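User: Let's go through this one together. Could you start with the terms, then take my questions?

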Amino acid sequence: MYNSCFDNIFIGKYITYLPTCHSTNDIASELVQKGLAEEGHIVITDFQTAGRGQRGAAWESTRGLNLTFSVCLQPDFLLVDEQFYLSMAFSLGIKDFLSSYTEDVSIKWPNDLYVGNKKCCGILIENAIAGLALKKSIVGIGLNINQQTFENPKATSLAEITQTTYDLKELLPALLTQLEKYYVQLKNGKKDQIRHGYIQAMYGFGQERKFRDASGEFTGIIEGISNSGMLIINKTNSHRTEYAMKEIQWL
Ligand code: BTN
């Protein structure tokens with residue numbers, strides 16, 4: 001069981017805990033469709049049988065070792081082309097949370113949380129649109145806490161980094177408070193502040209890195225993000241190019 005965060009205005013005031021489920025994003029979406037989820041309602045589980053990641057990948061997480069949950073939101077104050085602000089706000093909240101335990105935390109575009117050169121957390125945001133604005137969003141978070149072995153050599157956890165074991169029930173309120181801090185900033189229209197914070201926290205910002213796009217491998221310097229959240233790269237011996245998520249791969 002997880003305790004509700006009654007001190008928060010939205011995020012975590014209501015929590016649905018399921019020992020096992022297919023995907024918390026799917027359960028959260030069902031609750032929203034049935035009108036059973038207030039803004040900030042959390043669905044959290046110990047284990048997903050069909051956890052989903054970005055680009056259609058599966059999200060694997062060992063039972064009971066990590067924070068695996070989804071947040072139901074109604075960000076109708078954001079236009080469709082502003083949806084990346086939600087990614088930025090949640091990435092920054094997780095970054096602040098992780099930074100209170102360890103150093104060298106950054107956000108790998110679009111919304112992976114890295115500690116050093118390894119991924120510690122992934123976010124999957126699924127939006128429903130009404131006209132020009134966002135109507136509902138489900139923000140799914142997989143944050144590696146106590147898992148110490150990973151099939152993916154580029155994955156890590158807070159326990160592996162700090163050599164400490166954590167009580168998930170104690171960590172959750174602190175994390176939700178950080179998420180709420182940035183969500184409230186966003187609701188209050190502090191978009192420039194969020195964008196600035198995100199760019200400052202970007203993994204590899206200003207450094208020459210290797211990528212692959214439709215024309216093949218190349219090197220380039222990350223210069224930031226566009227208003228709609230596309231990655232801006234100044235390609236070596238070429239020109240500045242903006243990429244959407246499916247158009248580019250980090251190497
Ligand atoms: C990624 O590929 O980096 C995104 C991973 C998102 C995983 C979380 S775990 C909770 C929520 N439910 C899912 O099925 N996926 C997200």
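Analyst: A salt bridge here is a side-chain nitrogen of Lys or Arg within 4 Å of a carboxyl oxygen of Asp or Glu. This is a predicted model, so local features need pLDDT of at least 70 and side-chain atom pairs count only at pLDDT 80 or more, while totals for chains, interfaces and linings use all residues. Residues are numbered from 1 along each chain as its sequence is written, and side-chain values use heavy atoms, with hydrogens and water left out.

User: How many salt bridges does the structure hold?
Analyst: Side chains of opposite charge can pair when their charged atoms come close. By the cut-off above, the structure's count of salt bridges is nine.

User: Which residue forms a salt bridge with K191?
Analyst: The closest N and O atoms of this pair are 3.4 Å apart. The link joins distant parts of the chain, 109 residues apart, with K191 in helix α5 (residues 191–200) and its partner in the loop between β3 and α2 (84–99); helices (H or I, at least four residues) and strands (E, at least two) are DSSP runs, numbered from the N terminus. The partner is E82.

User: How far is an oxygen atom of the ligand from an N or O atom in the side chain of K119?
Analyst: K119 is one of the residues that come nearest to the ligand, among 20 around it (a heavy atom within 4 Å). For K119, the distance from the ligand oxygen to the side-chain N or O atom is 2.6 Å.

User: Which element gives the largest share of the shell around the ligand?
Analyst: Elements giving two or more residues to the shell include α1 (24–33) and β7 (133–143). The largest share is four residues, and they come from β6.

How values were computed:
A polar contact is a pair of N or O atoms within 3.5 Å; within protein, one must be able to donate a hydrogen and the other to accept it, and residues adjacent in sequence count only if both atoms are side-chain atoms.
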